[in-house]
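Dear colleague,

I am handing over the structure we spoke about, and my notes on it follow below.

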Amino acid sequence: MDRLRDFFLSVQKPIRYTGGEVNQIKKDSRGIRLRFALCFPDIYEIGMSHTGGRIIYKLLNDMDGVQCERVFAPWEDARREMKRLGIRLFSLENRIPLCEFDIVGFSIEYEMSFSTIVEMLRLGGIEPLSRSRGDDSPLVIAGGPVVFNPEPVAEIFDAFYIGDAEANLLQFVNRYIELKGSGKKKGEILERLSEIEGVYVPSLFKPDYDGLYLKSLPNKIVHRAIINNLDNVSYPVSQIMPLVQTVQDRFVVEIQRGCNHGCRFCYAGYIYRPVRQRDIQGVYDIAINGINRSGFYEVSFLSLSAGDYRGLDELFSRLNETFVSRGISLSIPSLRVDSAGPA
Ligand code: SF4
């Protein structure tokens with residue numbers, strides 16, 4: 001505990017590592033069957049702006065017996081102090097060292113964070129290469145947009161989860177609990193997990209390269225996991241209020257997933273297909289309840305192309321009836337010029 005105190009006293013922004021924010025979920029370790037480290041390979045201010053992380057945090061913590069805690073990349077000063085004091089990278093909620101989790105899951109949003117992932121694993125006491133980790137090591141997995149092209153980091157991860165977390169992540173976790181509980185070894189666990197749609201286990205594939213290109217396609221094709229309807233899955237209404245200013249410092253409602261414009265250069269336009277819109281009443285309820293449970297002064301309608309959402313005008317006028325008098329503003333983060341009409 002003294003070392004941790006020294007650590008907090010010697011870094012520039014201790015609040016990045018303390019947790020304790022309004023709406024964080026801190027579970028008692030009694031009755032916990034699986035600990036899941038939700039890792040974001042960037043600093044707190046950036047990771048706390050990530051909507052996918054909020055969705056997974058709620059999804060997993062809603063499960064009985066599952067404890068999901070956040071882990072962000074430490075800034076340079078904190079990395080140095082962790083090494084000096086012999087402290088392993090730990091989670092915000094219960095300060096659990098990374099190597100003591102059952103599953104360590106990274107959400108990868110950009111390729112530039114690959115080297116940070118290796119650093120986080122090392123700081124957390126985990127071997128960075130999958131083949132060097134034995135049966136007692138945590139299962140190291142990854143999801144997010146970057147894993148649609150997983151090969152550059154295939155040797156690091158035991159498994160990739162490709163697609164919408166709401167579709168099969170709970171099945172993945174439940175099956176892991178069951179297999180681990182019955183004493184199965186890592187190889188057998190991975191084989192069984194690979195039966196779940198959206199799960200790619202690199203060690204089960206042997207790519208045959210001819211120079212830069214694959215000579216042939218593997219026998220098994222992994223299909224991404226997709227949810228058909230945003231209204232049928234849970235959404236985080238009680239969002240954590242960061243204690244320092246984050247990059248996106250506002251309450252976020254995902255109004256639509258996917259985009260049908262098909263711009264040839266756009267990665268997101270292809271990997272998030274098809275377009276799925278949340279029901280207007282659903283967005284309205286999330287926005288009202290979310291603001292009532294937090295201190296945010298802005299609601300952002302998250303979408304790849306918000307102008308395509310069919311109920312935008314109605315949403316603005318209904319929400320403004322309540323929000324204008326409270327000084328709460330509405331914002332649209334991503335808008336095509338051709339979808340904007342006259343004021
Ligand atoms: S409109 Fe935007 S999000 Fe949609 S495909 Fe084009 S660039 Fe991508």
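In what order do the three strands of the open sheet with parallel pairing lie? The order is β9-β12-β13, where strands are DSSP runs of E of at least two residues, numbered from the N terminus, and two strands pair if DSSP finds at least two bridges between them. Because β9 (251-254) and β13 (329-331) stand at the edges with a single partner strand each, one side of each is left without a neighbour in the sheet.

Please bear in mind that this is a predicted model, in which local features need pLDDT of at least 70 and side-chain atom pairs count only at pLDDT 80 or more, while totals for chains, interfaces and linings use all residues. Residues are numbered from 1 along each chain as its sequence is written, and side-chain values use heavy atoms, with hydrogens and water left out.

Within the parallel sheet, β9 pairs with β12 (residues 298-302) over four bridges, and phenylalanine 251 has valine 299 of β12 as its bridge partner.

There is also an open sheet of six strands with mixed pairing, in the order β2-β1-β3-β4-β5-β6. Its edges are β2 (66-72) and β6 (199-200), each with a single partner strand, so one side of each lacks a neighbour in the sheet. Strand β5 (residues 159-161) runs antiparallel to β6 and is joined to it by two bridges, with valine 199 in β6 as the bridge partner of tyrosine 161.
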